[in-house]
Amino acid sequence: MNSYIFVKPGMTAREIVERVRSLEGVCLTSTSMRDAGQSDYKNRLRLYDLQTLAPHYNAMGLFSAECHGGARWHVGIMNRRESPFEEIGVLRELMPQVLLQTLIRETNLWGYRPYPPNIIEYVVSKVDIDVWRCFSFLNDIRNMRKVAEVIMKRGKLFSPALCFTQADWATNTYYLGVVKEIVALCGGTEEIVLCIKDMAGVGSPQRIGGLVDAIKQRHPELVIQYHRHTTDGLAMPALLAAARAGAKILDVQEDSLARFYGQPPLLGVQAYLEEAGVAVHLNRQEAEAASQKIRQWIGHYQWAESPFRGFDYQVVRHRMPGGAFPSSFEQAEKGGFLYLMPEILTLMSLYNRIIHYFDVTPGSQITWVTCSGIVNRYMKERGVAGVRHILRLLTRFVEEAGQEMEALSQDEREELLTLFRTASGDFKNLLLGKYGKLPLGWPADWVYQSAFGEEWEKKIGERSERSPLDSLKDEDLNKQKNDLAAALDREPGEDELILYLMHPKDALDYLAFREVYGEAALVLPSDVWREGLQKPGSAVEFSFWGKPCSIGLVSVGDEHEGFIHVVMKVNNSTRVFAVGTPRAKKTEIRMAAGPKDVGAPINGNLWRIGNPERGSLKAGDIVHKGEEIANIEAMKMENAILAPFDGQIAEVCIRLNEVVREGQLLFVLEKAEEQGEH
């Protein structure tokens with residue numbers, strides 16, 4: 001019997017809460033398998049390597065292991081080619097005494113759009129997870145209702161998260177109001193763990209200690225967990241302040257994995273807290289072994305680390321969360337505007353004083369896409385001088401003029417009224433209340449004028465304060481399943497359907513990949529998975545379904561008529577593979593030019609032609625002004641393409657899932673004839 005194990009799968013939520021309450025000092029959640037990998041390694045840490053930690057976790061005495069959810073789910077199928085369901089199965093087998101923890105985004109679950117109640121109920125009821133951490137980026141607790149209902153009915157531990165930021169308006173009074181709503185939603189404090197989610201790492205030690213103390217005074221029996229990123233450099237004293245004020249669970253990661261944007265180092269936290277007189281429940285020998293194990297493979301992921309290294313105290317201004325840092329840098333690098341990151345972060349610090357919410361997915365992505373889009377537009381239209389100009393204007397508007405339009409000149413006012421003219425559909429949906437109510441209410445009217453143009457007053461009239469749970473109609477699950485079956489040409493499994501519900505385009509790509517390459521992602525070592533066999537004579541050995549296998553590279557021939565013949569030795573059998581080389585074919589890209597042309601507003605992936613109500617669209621279909629006719633995904637955000645006028649589709653100029661560039665011709669529309677002109 002391992003004396004360090006105090007909670008484990010199979011316990012009821014009430015039993016888990018009671019065990020934590022009775023524990024001396026604090027216990028720990030390791031985020032290494034999920035948030036640590038997201039925050040510093042772009043979610044590229046593979047199950048092949050992470051599973052080596054499982055035997056140590058199984059004896060370490062952790063409260064839980066956050067190994068699932070967040071953006072890891074999406075990047076898993078999109079890049080690592082791993083299913084989150086496979087991960088759960090492997091980890092259940094290798095560490096059966098550890099509570100597995102996920103992170104979900106209330107009505108968005110593991111996706112980026114609000115789902116109706118029936119989808120939430122179906123998905124949450126099927127996934128085998130012990131601890132469900134759930135947050136609303138608006139702290140709109142109503143949005144958690146269906147998730148909480150299903151999880152608590154299943155007897156699993158629900159961990160509602162309070163999104164934290166440090167700002168003038170984010171007072172203890174505000175947060176106590178949110179906690180009151182959480183306790184009411186969950187029917188008390190006996191079967192939940194409240195998480196304070198400081199996703200950007202901006203809480204000063206004094207502020208965090210004061211908040212935990214205020215919550216504990218109001219709800220003394222409530223178990224509090226503090227989740228904190230290290231970005232500002234003050235994580236360890238903040239954790240100590242939380243523990244002294246009454247927090248019982250702290251989030252950490254293995255020391256050898258810790259960098260700048262994830263959680264603080266496990267062994268360092270234990271030493272620091274115990275020196276300060278706070279007991280830490282941990283099998284240190286196993287924790288040290290896990291940290292050493294990471295050193296054996298972490299070198300394979302240097303390429304995935306953020307190019308912006310070092311702590312960044314300026315995060316208290318721009319508030320980009322740790323989980324968004326590396327992925328945003330990666331998107332900027334791919335887009336060729338990495339050099340503009342300082343300006344984008346400055347703009348973010350001004351933006352989040354104009355529109356108040358919490359920069360955590362999808363809010364962080366809305367902020368990032370909106371602010372990077374503004375900076376890039378000014379760079380494209382007016383160069384470096386233009387970028388500096390808009391930052392000066394916004395700084396004066398926010399910091400000196402108190403956001404009073406009357407303090408600006410007429411030209412400056414008119415310029416602000418174009419600031420959000422190219423904003424994404426997700427930003428506009430935020431303004432219309434489609435994610436829920438904003439924590440401080442709606443932004444100023446000029447924001448709506450800027451985003452919606454002449455229709456701004458109409459759009460203000462369309463705003464809703466309802467939760468998406470109350471405004472979204474149930475979706476037809478059978479139709480979704482039939483659509484997936486048609487795409488796969490076979491009956492899908494339950495896990496496949498859930499993947500498809502969360503990320504339809506990337507789920508289909510993933511399933512197509514696995515159809516061709518099978519379980520290669522699960523068995524190949526990370527260096528071979530990423531770089532392949534580099535030289536003739538090199539080989540790799542691995543186990544597949546319990547059997548030893550080997551693959552060796554014998555020779556690589558010259559290219560002939562677009563093919564290279566590669567000789568491999570597979571399990572001592574020589575095979576020759578003809579590998580096609582995709583030579584760039586000079587295909588002319590048609591650009592939108594005339595009044596009937598509908599062009600792409602941004603670079604991205606055209607993942608839908610049509611809209612959910614009508615289905616797909618084709619040449620000859622009648623469309624109406626403002627109707628969605630296509631959707632482009634860029635930087636995880638959906639961007640609806642709307643019909644500019646009533647008309648008929650004369651030509652569809654692109655294919656589904658095609659990568660399109662800004663200005664590329666998507667449709668040719670013929671204007672509808674006037675009534676009676678026949």
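**Burial, helix packing and positive phi**

Guide: Ser 32 touches Gly 37, Leu 45, Leu 50, Tyr 57, Val 252, Gln 253, Glu 254 and Leu 257, leaving aside residues up to four places away in sequence. The model is a predicted one. Ser 32 belongs to helix 2, residues 32–41.

Visitor: What makes Ser 32 count as buried?

Guide: The relative accessibility of Ser 32 is 0%. Buried means under 20%, so Ser 32 counts as buried.

Visitor: Why is Ala 235 called buried?

Guide: The relative accessible area of Ala 235 is 3%. The cut-off for buried is under 20%, so Ala 235 is buried. Ala 235 is found in helix 11, residues 235–245. Not counting residues up to four places away in sequence, Ala 235 touches Arg 228, His 229, Thr 230 and Pro 264.

Visitor: How many residues apart in sequence are Ala 235 and Gln 263, and how far apart in space?

Guide: Ala 235 and Gln 263 are 28 residues apart in sequence, and their C-alpha atoms are 7.9 Å apart.

Visitor: Why are helix 7 and helix 24 called oblique to each other?

Guide: Helix 7 (residues 117–126) and helix 24 (residues 494–502) pack at about 135°, and their axes are 11 Å apart. Angles under 35 degrees count as roughly parallel, over 145 as roughly antiparallel and 65 to 115 as roughly perpendicular, with the rest oblique. Helix 7 and helix 24 are therefore oblique. Helix 7 passes helix 24 in a left-handed crossing.

Visitor: Which residues make the contact of helix 7 with helix 24?

Guide: Helix 7 contributes Ile 119, Tyr 122, Val 123 and Lys 126, while helix 24 contributes Glu 494, Leu 497, Ile 498, Leu 501 and Met 502. Of the residues in this contact of helix 7 with helix 24, seven are nonpolar, none is polar and two are charged.

Visitor: Why are helix 23 and helix 24 called roughly perpendicular?

Guide: Helix 23 (residues 477–488) and helix 24 pack at an angle of about 100°, with axes 10 Å apart. Roughly perpendicular covers 65 to 115 degrees, so the term applies to helix 23 and helix 24. The contact is made by Leu 477, Gln 480, Lys 481, Asp 483, Leu 484 and Leu 488 of helix 23 and by Glu 496, Leu 497, Tyr 500 and Leu 501 of helix 24. The residues of the contact of helix 23 with helix 24 divide into six nonpolar, one polar and three charged.

Visitor: What makes the phi of Arg 81 worth a note?

Guide: The phi of Arg 81 is positive, about 60°, although Arg 81 is not a glycine. Arg 81 lies in the loop between helix 5 (70–80) and helix 6 (84–94). The relative accessible area of Arg 81 is 17%, and the limit for buried is under 20%, so Arg 81 is buried.

Visitor: Why does Leu 109 count as buried?

Guide: Leu 109 has 0% relative accessibility, and under 20% is called buried, so Leu 109 counts as buried. Leu 109 is placed in the loop between strand 3 (100–104) and helix 7. Leu 109 is not a glycine, yet has a positive phi of about 50°.

Visitor: How do you know that the span of helix 25 is close to the one expected?

Guide: Helix 25 (residues 504–517) has 14 residues and reaches 20 Å from first C-alpha to last, close to the 20 Å expected at 1.5 Å a residue. Its buried residues are Lys 505, Asp 506, Ala 507, Tyr 510, Leu 511, Phe 513 and Arg 514. Gly 518 follows helix 25 and has a positive phi near 60°.

Definitions and conventions:
Residues are numbered from 1 along each chain as its sequence is written. This is a predicted model: local features need pLDDT of at least 70, side-chain atom pairs count only at pLDDT 80 or more; totals for chains, interfaces and linings use all residues. Side-chain values use heavy atoms; hydrogens and water are left out. Axes are lines fitted to C-alpha atoms, for helices over the stretch in contact, and angles run from 0 to 180 degrees between N-to-C directions. Helices (H or I, at least four residues) and strands (E, at least two) are DSSP runs, numbered from the N terminus. A crossing is left-handed if the near helix is turned anticlockwise from the far one by less than a right angle, and right-handed if clockwise. Contact means heavy atoms within 4.5 Å. Ala, Val, Leu, Ile, Met, Phe, Trp, Tyr, Cys and Pro count as nonpolar, Asp, Glu, Lys and Arg as charged, and the others, Gly among them, as polar. The expected span of a helix is 1.5 Å times one less than its number of residues. Buried means under 20% relative accessible area, exposed over 50%, partly exposed in between (1.4 Å probe, protein chains only).
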